[in-house]
Amino acid sequence: MLTSIRFSVPLIPPSVNHYKGTHRGRYFVRDEATAFKHAVALCAQGQQIDAKRVAINITLFLGKGDRGDVDNYPKCVLDGLKGCVVKSDASFKRMTVELERDWLNPRTEIELSALPDLVKARRR
């Protein structure tokens with residue numbers, strides 16, 4: 001079982017504002033979001049973390065002309081990891097998101113690490 005994973009996706013995830021759409025009152029995941037999720041699975045190359053508690057660091061390197069708020073990107077990244085790298089997105093207990101610039105090489109770098117299990121206090 002791996003305790004840490006690091007990989008890069010050569011794409012920027014769609015913002016949460018462009019993640020889902022509606023058609024005739026029904027929600028759907030947009031093609032851009034689906035493509036990013038598939039890219040995450042491909043770039044992870046089968047690596048998995050089987051831990052109940054996981055920390056994630058996401059660094060987005062925006063290209064020339066790209067813009068966005070730091071809080072709009074993690075949703076698609078976390079959903080892309082669900083089912084291929086982690087069993088459930090409920091296992092994410094700590095998250096860091098950074099925005100940087102790289103005009104020539106926009107990308108998303110993802111680092112995951114297992115956190116120790118917490119000891120639960122017993123009730124008396």
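I looked up Q45 and found it in the loop between helix 1 (31-44) and strand 4 (54-62); helices (H or I, at least four residues) and strands (E, at least two) are DSSP runs, numbered from the N terminus. The model is predicted: local features need pLDDT of at least 70, side-chain atom pairs count only at pLDDT 80 or more, and totals for chains, interfaces and linings use all residues. Residues are numbered from 1 along each chain as its sequence is written, and side-chain values use heavy atoms, with hydrogens and water left out.

Phi of Q45 is positive, near 55°, and the residue is not a glycine. Most residues other than glycine have a negative phi. Q45 is exposed at 68% relative accessibility (exposed is over 50% relative accessible area, buried under 20%, partly exposed in between; 1.4 Å probe, protein chains only).

I then checked R24, in the loop between strand 2 (20-23) and strand 3 (26-29). R24 also has a positive phi, about 55°, and is exposed with a relative accessible area of 78%.

Next I turned to strand 4. A55 lies in this strand and is buried, at 9% relative accessible area. Its C-alpha atom is 5.9 Å from that of F92, 37 residues apart along the chain. Setting aside neighbours within four places in sequence, A55 is in contact (heavy atoms within 4.5 Å) with R94, E111, L112, S113 and L115.
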